[in-house]
Amino acid sequence: SLLGVTKNAPVTLIPARLIAFSFNPPRVNGGSTSAATVTLDGKTGADRTVTIAHVAGVTGTTIGGSPLPRNVTVPAQASSVTFDVLSPPVTSSTFETMSATDGVTTVTGTLFIDDIDIVDLIILPATDVISGTILNCQVKLNRAAGAGGFTVDLSSSNPAAGTLSAAQVTVPAGSLFSPTFTFNCAVVPAD
């Protein structure tokens, strides 16, 4: 009001809209997790249910142990929600595109998924050895292990030839090589 004159101006409140669906990291090894984030252009007034669904590429990704589609909730007064997605094991590098929708707006995001496999078993010394020798061994992967590492089961095709120091070895996250483990060659009686 100014000098007794009052003017009203209409204000239209527009609900926050979904604007992005992203992954961190955007590339993972099969069987690893990535933190997915759905982002809005403002804060929600109340809890907002968002449905995450498969669009294209490989299937098998889960959220909280459940397959897609799966609902997540953007809490009231928040502008995003972050949740873990678990990628499926794969035999070659691939991707999965997912959608996030609240029934009004839909956004998509793509998670790239790499296969991970053993490419070499390094044994030192690598030449013929005498009985009773302790061999130092390492597993090598085709790409660096993801978060949580990559566990390999160990076994011998001929248990009589010797014993392994462990039944499993884990390649640490970010590494191509496992820690060293040993194979204790059996003592062979002289002829």
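**View A. Pairing of strand 9 with strand 10.** Strand 9 and strand 10 run antiparallel and pair over eight bridges, where strands are DSSP runs (E, at least two residues) numbered from the N terminus and two strands pair if DSSP finds at least two bridges between them. Ser99 stands opposite Thr108 in strand 10. This is a predicted model, in which local features need pLDDT of at least 70, side-chain atom pairs count only at pLDDT 80 or more, and totals for chains, interfaces and linings use all residues. Residues are numbered from 1 along each chain as its sequence is written, and side-chain values use heavy atoms, with hydrogens and water left out.

View B. Five strands form an open sheet with mixed pairing, in the order 2-10-9-4-7. Strand 2 (27–29) and strand 7 stand at the edges with a single partner strand each, so one side of each is left without a neighbour in the sheet.

**View C. The largest nonpolar core.** This core has 24 residues, and those with the most contacts inside it are Phe21, Val38, Val50, Ile52 and Phe83; a nonpolar core is a set of buried Ala, Val, Leu, Ile, Met, Phe, Trp, Tyr and Cys residues joined through side-chain atoms within 4.5 Å. A second, separate core of 13 residues includes Leu135, Leu141, Val152 and Cys185.

**View D. Thr44 in its loop.** Thr44 lies in the loop between strand 3 and strand 4, and at 1% relative accessibility Thr44 counts as buried, a term that means under 20% relative accessible area (1.4 Å probe, protein chains only). The side chain of Thr44 reaches the backbone oxygen of Pro75 at 2.8 Å.

Note on methods. Buried < 20%, exposed > 50% of the residue type's maximum accessible area, 1.4 Å probe, protein only. Helix = DSSP H or I, 4+ residues; strand = E, 2+ residues; numbered from the N terminus. Polar contact = N/O pair within 3.5 Å; in protein donor to acceptor, adjacent residues only side chain to side chain.
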